[in-house]
Amino acid sequence: MILKQLSILNYKNIPEANLDFSPHINCFIGMNGEGKTNILDAIYFLSFTKSATNSIDAMNIRHGQDILMLQGEYDIDGVEEHISCGIKRGVKKVFKRGGKAYKRMSEHIGLLPVILVSPNDQVLIIGGSDERRKFMDMCISQYNKDYMNALMNYNKALQQRNMMLKNEDADIDIDMISTYEEVMAETGERIYEQRRKFVEELIPVFQDYYTRISGNHEIVGLRYTSHCQRGPLLEVIQRDRSRDIAVGHSLHGIHRDELEMTIDGYPLRNEGSQGQSKTFLISFKLAQFHFLKQTGSHTTPLLLLDDIFDKLDSKRVEQIIQLANDEAFGQIFITDTNRENLDRILMNSQDDYKLFMVKGGQIE
(Lines give C-alpha, C1' and ligand atoms only; values in the text may rest on other atoms or scores of the structure.)
Protein backbone atom coordinates (compact mmCIF):
# COMPACT_ATOMS: atom_id res chain seq x y z
CA MET A 1 0.00 0.00 0.00
CA ILE A 2 1.18 3.51 -0.85
CA LEU A 3 -0.05 6.86 0.48
CA LYS A 4 0.44 9.09 -2.56
CA GLN A 5 -0.98 12.39 -1.29
CA LEU A 6 -2.10 13.83 2.03
CA SER A 7 -4.11 17.03 2.50
CA ILE A 8 -4.37 18.58 5.96
CA LEU A 9 -6.51 21.48 7.14
CA ASN A 10 -6.39 22.69 10.77
CA TYR A 11 -5.02 19.47 12.24
CA LYS A 12 -3.40 20.28 15.59
CA ASN A 13 -0.74 22.94 14.85
CA ILE A 14 -0.83 22.45 11.04
CA PRO A 15 -2.96 25.16 9.37
CA GLU A 16 -2.80 23.70 5.87
CA ALA A 17 -0.62 21.28 3.92
CA ASN A 18 -0.79 19.41 0.63
CA LEU A 19 1.91 16.76 0.53
CA ASP A 20 3.06 14.43 -2.25
CA PHE A 21 5.02 11.47 -0.94
CA SER A 22 7.72 9.16 -2.18
CA PRO A 23 6.54 5.55 -2.44
CA HIS A 24 9.60 4.56 -0.42
CA ILE A 25 11.13 6.81 2.26
CA ASN A 26 9.74 10.10 3.56
CA CYS A 27 11.68 11.97 6.25
CA PHE A 28 10.53 14.90 8.37
CA ILE A 29 13.17 17.01 10.09
CA GLY A 30 12.54 19.72 12.66
CA MET A 31 12.88 20.66 16.31
CA ASN A 32 10.55 19.33 18.99
CA GLY A 33 7.06 20.85 18.98
CA GLU A 34 7.17 22.02 15.35
CA GLY A 35 4.59 19.51 14.03
CA LYS A 36 6.53 16.47 12.76
CA THR A 37 4.60 14.03 14.93
CA ASN A 38 1.31 15.65 13.93
CA ILE A 39 1.90 14.67 10.30
CA LEU A 40 2.31 11.02 11.28
CA ASP A 41 -0.71 11.30 13.55
CA ALA A 42 -2.81 12.59 10.64
CA ILE A 43 -1.82 9.50 8.64
CA TYR A 44 -2.68 7.33 11.65
CA PHE A 45 -6.06 9.08 11.97
CA LEU A 46 -7.01 8.21 8.39
CA SER A 47 -6.35 4.54 9.16
CA PHE A 48 -7.93 4.20 12.61
CA THR A 49 -10.54 7.01 12.51
CA LYS A 50 -8.91 8.55 15.58
CA SER A 51 -5.70 10.13 16.81
CA ALA A 52 -2.97 8.03 18.42
CA THR A 53 -2.48 10.69 21.09
CA ASN A 54 -5.83 12.39 21.69
CA SER A 55 -9.06 10.40 21.84
CA ILE A 56 -11.30 13.51 21.88
CA ASP A 57 -11.79 14.38 18.20
CA ALA A 58 -12.58 18.08 18.66
CA MET A 59 -9.33 18.61 20.57
CA ASN A 60 -7.40 17.79 17.40
CA ILE A 61 -8.79 20.91 15.70
CA ARG A 62 -6.27 23.73 15.53
CA HIS A 63 -6.76 26.41 18.18
CA GLY A 64 -9.10 29.18 17.05
CA GLN A 65 -10.65 27.12 14.25
CA ASP A 66 -13.97 25.26 14.03
CA ILE A 67 -13.25 22.49 11.54
CA LEU A 68 -10.52 20.12 10.46
CA MET A 69 -10.20 18.11 7.26
CA LEU A 70 -7.95 15.22 6.32
CA GLN A 71 -7.80 13.62 2.89
CA GLY A 72 -5.59 10.81 1.63
CA GLU A 73 -5.03 9.36 -1.83
CA TYR A 74 -3.91 5.73 -1.64
CA ASP A 75 -2.76 3.03 -4.01
CA ILE A 76 -3.66 -0.35 -2.52
CA ASP A 77 -2.03 -2.92 -4.77
CA GLY A 78 -3.13 -1.07 -7.92
CA VAL A 79 -6.54 0.04 -6.61
CA GLU A 80 -7.02 3.78 -6.03
CA GLU A 81 -8.71 4.76 -2.76
CA HIS A 82 -9.76 8.21 -1.58
CA ILE A 83 -10.30 8.52 2.18
CA SER A 84 -11.46 11.70 3.90
CA CYS A 85 -12.44 12.86 7.36
CA GLY A 86 -14.20 16.00 8.49
CA ILE A 87 -14.70 17.16 12.06
CA LYS A 88 -16.65 20.24 13.18
CA ARG A 89 -16.98 21.32 16.77
CA GLY A 90 -20.27 20.09 18.23
CA VAL A 91 -21.06 17.96 15.16
CA LYS A 92 -20.59 14.22 14.60
CA LYS A 93 -17.40 13.20 12.80
CA VAL A 94 -17.83 12.21 9.14
CA PHE A 95 -15.53 9.59 7.61
CA LYS A 96 -15.77 8.78 3.90
CA ARG A 97 -14.38 6.24 1.47
CA GLY A 98 -14.66 7.23 -2.18
CA GLY A 99 -17.01 10.05 -1.21
CA LYS A 100 -19.44 7.72 0.59
CA ALA A 101 -19.79 8.10 4.36
CA TYR A 102 -19.39 5.08 6.61
CA LYS A 103 -22.39 4.10 8.71
CA ARG A 104 -20.07 2.66 11.36
CA MET A 105 -16.44 3.65 11.89
CA SER A 106 -15.54 0.03 12.61
CA GLU A 107 -16.20 -0.80 8.95
CA HIS A 108 -13.08 1.17 8.01
CA ILE A 109 -10.61 -0.54 10.36
CA GLY A 110 -8.24 -2.82 8.47
CA LEU A 111 -8.52 -1.17 5.07
CA LEU A 112 -5.36 0.90 5.60
CA PRO A 113 -3.01 -1.08 7.88
CA VAL A 114 -0.51 1.14 9.69
CA ILE A 115 2.20 0.51 12.28
CA LEU A 116 3.26 3.49 14.41
CA VAL A 117 6.45 3.35 16.48
CA SER A 118 6.67 6.34 18.83
CA PRO A 119 7.90 7.44 22.29
CA ASN A 120 4.34 6.93 23.54
CA ASP A 121 4.85 3.17 23.14
CA GLN A 122 6.59 3.26 26.51
CA VAL A 123 3.14 2.94 28.07
CA LEU A 124 3.12 -0.68 26.85
CA ILE A 125 5.89 -1.37 29.36
CA ILE A 126 5.09 0.91 32.28
CA GLY A 127 1.29 1.10 31.89
CA GLY A 128 -1.39 -1.26 33.17
CA SER A 129 -2.43 -4.52 31.52
CA ASP A 130 -5.24 -2.67 29.71
CA GLU A 131 -2.61 -0.96 27.53
CA ARG A 132 -1.18 -4.30 26.40
CA ARG A 133 -4.65 -5.74 25.76
CA LYS A 134 -5.45 -2.63 23.73
CA PHE A 135 -2.33 -3.27 21.65
CA MET A 136 -3.39 -6.86 20.89
CA ASP A 137 -6.94 -5.78 20.11
CA MET A 138 -5.82 -2.99 17.76
CA CYS A 139 -3.56 -5.31 15.82
CA ILE A 140 -5.93 -8.27 15.52
CA SER A 141 -8.86 -6.00 14.59
CA GLN A 142 -6.92 -4.82 11.52
CA TYR A 143 -7.17 -8.26 9.91
CA ASN A 144 -10.09 -9.97 11.65
CA LYS A 145 -13.54 -8.35 11.56
CA ASP A 146 -15.11 -11.17 13.58
CA TYR A 147 -12.67 -10.41 16.39
CA MET A 148 -13.82 -6.80 16.61
CA ASN A 149 -17.48 -7.87 16.72
CA ALA A 150 -16.73 -10.44 19.43
CA LEU A 151 -14.85 -7.82 21.44
CA MET A 152 -17.73 -5.33 21.18
CA ASN A 153 -20.25 -7.97 22.28
CA TYR A 154 -18.04 -9.08 25.17
CA ASN A 155 -17.55 -5.54 26.43
CA LYS A 156 -21.27 -4.84 26.20
CA ALA A 157 -22.13 -7.96 28.22
CA LEU A 158 -19.37 -7.14 30.72
CA GLN A 159 -20.70 -3.61 31.17
CA GLN A 160 -24.26 -4.85 31.71
CA ARG A 161 -23.13 -7.51 34.19
CA ASN A 162 -21.11 -4.93 36.12
CA MET A 163 -24.11 -2.59 36.27
CA MET A 164 -26.13 -5.36 37.90
CA LEU A 165 -23.32 -6.16 40.34
CA LYS A 166 -23.08 -2.50 41.38
CA ASN A 167 -26.80 -2.12 42.00
CA GLU A 168 -26.93 -2.46 45.77
CA ASP A 169 -30.62 -1.52 45.99
CA ALA A 170 -31.96 -4.45 43.98
CA ASP A 171 -31.81 -8.22 44.18
CA ILE A 172 -29.59 -9.84 41.56
CA ASP A 173 -31.60 -11.32 38.69
CA ILE A 174 -29.76 -14.65 38.41
CA ASP A 175 -31.31 -15.53 35.04
CA MET A 176 -30.31 -12.20 33.54
CA ILE A 177 -26.79 -12.23 34.95
CA SER A 178 -26.39 -15.81 33.68
CA THR A 179 -27.29 -14.62 30.20
CA TYR A 180 -24.55 -11.96 30.31
CA GLU A 181 -22.08 -14.54 31.61
CA GLU A 182 -22.87 -16.89 28.72
CA VAL A 183 -22.20 -14.10 26.21
CA MET A 184 -18.94 -13.21 27.99
CA ALA A 185 -17.83 -16.85 27.97
CA GLU A 186 -18.70 -17.55 24.34
CA THR A 187 -17.15 -14.36 22.93
CA GLY A 188 -14.32 -14.37 25.47
CA GLU A 189 -13.06 -17.80 24.42
CA ARG A 190 -13.04 -16.71 20.77
CA ILE A 191 -11.09 -13.58 21.71
CA TYR A 192 -8.65 -15.61 23.80
CA GLU A 193 -7.95 -18.02 20.96
CA GLN A 194 -7.16 -15.18 18.54
CA ARG A 195 -4.92 -13.43 21.09
CA ARG A 196 -3.12 -16.70 21.83
CA LYS A 197 -2.42 -17.37 18.15
CA PHE A 198 -1.31 -13.78 17.61
CA VAL A 199 1.22 -13.84 20.45
CA GLU A 200 2.44 -17.32 19.52
CA GLU A 201 3.20 -16.26 15.94
CA LEU A 202 4.59 -12.86 16.98
CA ILE A 203 7.22 -14.16 19.43
CA PRO A 204 9.82 -15.68 17.05
CA VAL A 205 9.69 -12.71 14.67
CA PHE A 206 9.94 -10.25 17.56
CA GLN A 207 12.91 -12.10 19.06
CA ASP A 208 14.67 -12.16 15.70
CA TYR A 209 14.32 -8.38 15.27
CA TYR A 210 15.56 -7.79 18.81
CA THR A 211 18.61 -9.99 18.22
CA ARG A 212 19.46 -8.13 15.01
CA ILE A 213 19.15 -4.66 16.56
CA SER A 214 20.82 -5.47 19.90
CA GLY A 215 23.62 -7.62 18.52
CA ASN A 216 22.32 -10.63 20.47
CA HIS A 217 23.15 -9.02 23.83
CA GLU A 218 19.96 -9.99 25.69
CA ILE A 219 17.17 -12.56 25.53
CA VAL A 220 13.65 -11.13 25.44
CA GLY A 221 10.30 -12.83 25.77
CA LEU A 222 6.51 -12.44 25.76
CA ARG A 223 4.07 -14.49 27.83
CA TYR A 224 0.32 -14.30 27.43
CA THR A 225 -1.81 -15.19 30.47
CA SER A 226 -5.60 -15.47 30.65
CA HIS A 227 -8.36 -16.79 32.88
CA CYS A 228 -9.29 -18.97 29.89
CA GLN A 229 -6.23 -21.06 30.74
CA ARG A 230 -7.94 -22.15 33.98
CA GLY A 231 -10.70 -24.09 32.22
CA PRO A 232 -14.03 -23.32 30.48
CA LEU A 233 -14.51 -19.57 30.87
CA LEU A 234 -18.17 -19.82 31.88
CA GLU A 235 -17.20 -22.01 34.83
CA VAL A 236 -14.37 -19.64 35.79
CA ILE A 237 -16.70 -16.63 35.73
CA GLN A 238 -19.54 -18.30 37.63
CA ARG A 239 -17.26 -19.95 40.20
CA ASP A 240 -16.60 -16.62 41.94
CA ARG A 241 -19.91 -14.91 41.29
CA SER A 242 -20.54 -14.35 45.00
CA ARG A 243 -17.20 -12.56 45.28
CA ASP A 244 -18.01 -10.42 42.24
CA ILE A 245 -21.28 -9.41 43.93
CA ALA A 246 -19.35 -8.44 47.06
CA VAL A 247 -16.84 -6.22 45.23
CA GLY A 248 -19.33 -4.89 42.66
CA HIS A 249 -17.53 -5.80 39.44
CA SER A 250 -16.35 -8.77 37.35
CA LEU A 251 -13.05 -10.20 38.54
CA HIS A 252 -12.68 -12.89 35.87
CA GLY A 253 -12.72 -12.82 32.11
CA ILE A 254 -10.57 -11.85 29.13
CA HIS A 255 -10.75 -8.20 30.27
CA ARG A 256 -8.10 -9.23 32.84
CA ASP A 257 -5.70 -10.85 30.33
CA GLU A 258 -2.02 -9.91 30.54
CA LEU A 259 0.91 -9.84 28.12
CA GLU A 260 4.09 -10.14 30.18
CA MET A 261 7.29 -8.63 28.75
CA THR A 262 10.63 -10.01 29.93
CA ILE A 263 14.37 -9.50 29.41
CA ASP A 264 16.77 -12.27 30.43
CA GLY A 265 13.84 -13.88 32.24
CA TYR A 266 12.95 -10.85 34.39
CA PRO A 267 10.17 -8.24 34.03
CA LEU A 268 11.26 -5.64 31.49
CA ARG A 269 9.67 -2.79 33.43
CA ASN A 270 11.96 -3.53 36.39
CA GLU A 271 15.16 -4.67 34.70
CA GLY A 272 15.38 -3.01 31.27
CA SER A 273 17.52 0.08 30.63
CA GLN A 274 16.16 2.91 28.50
CA GLY A 275 18.04 1.61 25.46
CA GLN A 276 16.88 -1.97 26.05
CA SER A 277 13.27 -0.87 26.52
CA LYS A 278 13.42 1.22 23.34
CA THR A 279 14.93 -1.71 21.42
CA PHE A 280 12.23 -4.02 22.83
CA LEU A 281 9.42 -1.73 21.67
CA ILE A 282 10.87 -1.13 18.20
CA SER A 283 11.36 -4.88 17.70
CA PHE A 284 7.85 -5.49 19.03
CA LYS A 285 6.31 -3.09 16.53
CA LEU A 286 8.40 -4.34 13.59
CA ALA A 287 7.20 -7.86 14.39
CA GLN A 288 3.65 -6.52 14.37
CA PHE A 289 4.36 -5.02 10.93
CA HIS A 290 5.60 -8.39 9.66
CA PHE A 291 2.54 -10.14 11.10
CA LEU A 292 0.05 -7.72 9.52
CA LYS A 293 1.78 -7.99 6.17
CA GLN A 294 1.19 -11.75 6.20
CA THR A 295 -2.44 -11.61 7.34
CA GLY A 296 -5.70 -9.81 6.57
CA SER A 297 -5.63 -7.97 3.26
CA HIS A 298 -2.05 -9.14 2.57
CA THR A 299 -1.04 -5.61 1.66
CA THR A 300 2.10 -3.97 3.02
CA PRO A 301 1.24 -1.63 5.93
CA LEU A 302 2.56 1.90 6.18
CA LEU A 303 5.39 2.19 8.70
CA LEU A 304 5.49 5.37 10.79
CA LEU A 305 8.70 5.86 12.81
CA ASP A 306 8.50 8.81 15.20
CA ASP A 307 11.72 9.87 16.96
CA ILE A 308 12.96 6.28 17.25
CA PHE A 309 16.72 6.94 17.56
CA ASP A 310 16.65 8.71 20.93
CA LYS A 311 18.26 6.79 23.85
CA LEU A 312 19.89 4.22 21.53
CA ASP A 313 23.62 3.64 21.22
CA SER A 314 25.36 4.03 17.84
CA LYS A 315 25.40 0.29 17.10
CA ARG A 316 21.67 -0.08 17.58
CA VAL A 317 21.00 3.05 15.52
CA GLU A 318 23.11 1.57 12.73
CA GLN A 319 21.12 -1.66 12.74
CA ILE A 320 17.82 0.24 12.53
CA ILE A 321 19.17 2.34 9.66
CA GLN A 322 19.97 -0.87 7.79
CA LEU A 323 16.50 -2.24 8.53
CA ALA A 324 14.89 0.98 7.27
CA ASN A 325 16.37 0.28 3.84
CA ASP A 326 14.99 -3.25 3.71
CA GLU A 327 12.55 -3.54 0.79
CA ALA A 328 10.23 -5.63 2.98
CA PHE A 329 9.04 -2.48 4.76
CA GLY A 330 7.52 -0.70 1.75
CA GLN A 331 6.64 2.96 2.35
CA ILE A 332 8.20 4.51 5.47
CA PHE A 333 7.63 7.85 7.22
CA ILE A 334 10.37 8.91 9.66
CA THR A 335 10.70 11.92 11.97
CA ASP A 336 13.83 13.10 13.78
CA THR A 337 15.41 16.24 15.18
CA ASN A 338 18.84 14.97 14.08
CA ARG A 339 19.50 15.52 10.39
CA GLU A 340 22.55 13.22 10.59
CA ASN A 341 20.50 10.09 11.30
CA LEU A 342 18.12 10.79 8.41
CA ASP A 343 20.97 11.60 6.03
CA ARG A 344 22.55 8.22 6.80
CA ILE A 345 19.28 6.46 5.99
CA LEU A 346 18.90 8.37 2.73
CA MET A 347 22.55 7.88 1.76
CA ASN A 348 22.15 4.11 2.08
CA SER A 349 18.83 4.04 0.25
CA GLN A 350 18.72 2.65 -3.27
CA ASP A 351 15.24 4.09 -3.82
CA ASP A 352 13.90 7.60 -4.28
CA TYR A 353 13.00 9.59 -1.17
CA LYS A 354 11.64 12.92 0.02
CA LEU A 355 12.88 15.10 2.85
CA PHE A 356 10.48 17.57 4.46
CA MET A 357 11.42 20.45 6.74
CA VAL A 358 8.84 21.21 9.46
CA LYS A 359 8.70 24.47 11.41
CA GLY A 360 5.75 25.99 13.26
CA GLY A 361 3.28 23.72 11.49
CA GLN A 362 4.59 24.72 8.07
CA ILE A 363 5.96 21.92 5.87
CA GLU A 364 8.35 22.33 2.97
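We'll start with the whole chain and then zoom in on a few spots.

First, some ground rules: this is a predicted model, so local features need pLDDT of at least 70 and side-chain atom pairs count only at pLDDT 80 or more, while totals for chains, interfaces and linings use all residues. Residues are numbered from 1 along each chain as its sequence is written, and side-chain values use heavy atoms, with hydrogens and water left out.

**Stop 1: the whole chain.** Show the cartoon. You'll find 11 helices and 15 strands; these are DSSP runs numbered from the N terminus, with helices being H or I of at least four residues and strands E of at least two. The C-alpha atoms fill a box of roughly 65 × 50 × 35 Å along the principal axes. Of the 364 residues, 52% count as buried, where buried means under 20% relative accessible area, exposed over 50% and partly exposed in between (1.4 Å probe, protein chains only).

**Stop 2: Ala42.** Select residues 36-48, which form helix H1, and pick out Ala42. Is Ala42 buried or exposed? Ala42 counts as buried because its relative accessibility is 0%. Leaving aside neighbours within four places in sequence, Ala42 is in contact with Leu6, Ile8, Tyr11 and Leu70; contact means heavy atoms within 4.5 Å. Now draw a line from Ala42 to Tyr11: they are 31 residues apart in sequence, and their C-alpha atoms are 7.4 Å apart in space.

**Stop 3: two packed helices.** Select H4 (residues 145-166) and H5 (residues 174-214). At what angle do H4 and H5 pack? The angle is about 145°, with the axes 8 Å apart. Axes are lines fitted to C-alpha atoms, for helices over the stretch in contact, and angles run from 0 to 180 degrees between N-to-C directions. Show the side chains where they touch: among them are Tyr147, Leu151 and Arg161 of H4, and Tyr180, Met184 and Gln194 of H5.

**Stop 4: the cysteines.** Click on Cys27, which is buried with a relative accessible area of 0%, then on Cys85, buried at 1%. How many disulfides are there? The count comes to zero, taking a disulfide as a pair of cysteine sulfur atoms within 2.5 Å.
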